[in-house]
Every structure is written in structure tokens, then in C-alpha cells.
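Please read the following report beside the sequence and the model.

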Amino acid sequence: MQLVLARRLARCRYALEDPDQAHRTVSEIAYGWGFGDLTHFGRKFKAAYGITPSECQMLARRM
């Protein structure tokens with residue numbers, strides 16, 4: 001179960017950092033990878049990467 005969660009979070013992070021997907025919202029990406037609750041997604045993402053999904057997307061856009 002943890003491996004599946006880790007892979008889904010990694011795919012979300014990749015999508016959030018991908019310039020070709022910059023038009024997508026955090027919620028679109030999360031729902032697209034099977035997260036049905038944005039609060040749960042945000043907590044798990046921050047626990048895994050130390051930043052929120054929004055911060056991750058914002059930082060990627062600056063680069």
C-alpha cells in the first residue's frame with residue numbers, strides 16, 4: 001500500500017513540475033492520479049516532499 005501511495009505521489013510531483021502540464025490545476029492532477037480528497041493528498045504530499053503541492057508547482061514555474 002505504501003509503495004502504491006509513493007508512486008502516485010511521485011507521478012503527481014512529476015506532473016506538477018512538468019512545463020507541459022503547467023495549465024493543469026493541483027486538483028486536476030491529484031484527481032487524475034486517484035486522490036479523491038485534496039486535504040489527504042496535500043498532507044501526504046507535504047509529508048513526502050516537505051512542501052505543499054501548490055508550492056511545488058509554483059517553484060517549478062519559476063525555473
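Phe 35 counts as buried because its relative accessibility is 3%; buried stands for under 20% relative accessible area, exposed for over 50% and partly exposed for what lies in between, with a 1.4 Å probe and protein chains only. The model is predicted, so local features need pLDDT of at least 70 and side-chain atom pairs count only at pLDDT 80 or more, while totals for chains, interfaces and linings use all residues. Residues are numbered from 1 along each chain as its sequence is written, and side-chain values use heavy atoms, without hydrogens and water.

Ring pairs join Phe 35, Phe 41, Phe 45 and Tyr 49 into a cluster. Rings of Phe, Tyr and Trp (its six-membered ring) pair if their centres lie within 6.5 Å; planes under 30 degrees apart are stacked, over 60 edge-to-face, and the rest tilted.

| Pair | Centre to centre | Angle between planes | Class |
|---|---|---|---|
| Phe 35 and Phe 41 | 4.8 Å | 50 degrees | tilted |
| Phe 45 and Tyr 49 | 4.9 Å | 55 degrees | tilted |

Phe 41 is buried, at 1% relative accessible area, and Phe 45 is buried at 0%. Tyr 49 is partly exposed, at 28%.

The largest nonpolar core has 12 residues, including Phe 35, Phe 41, Phe 45 and Cys 56. Such a core is a set of buried Ala, Val, Leu, Ile, Met, Phe, Trp, Tyr and Cys residues joined through side-chain atoms within 4.5 Å.
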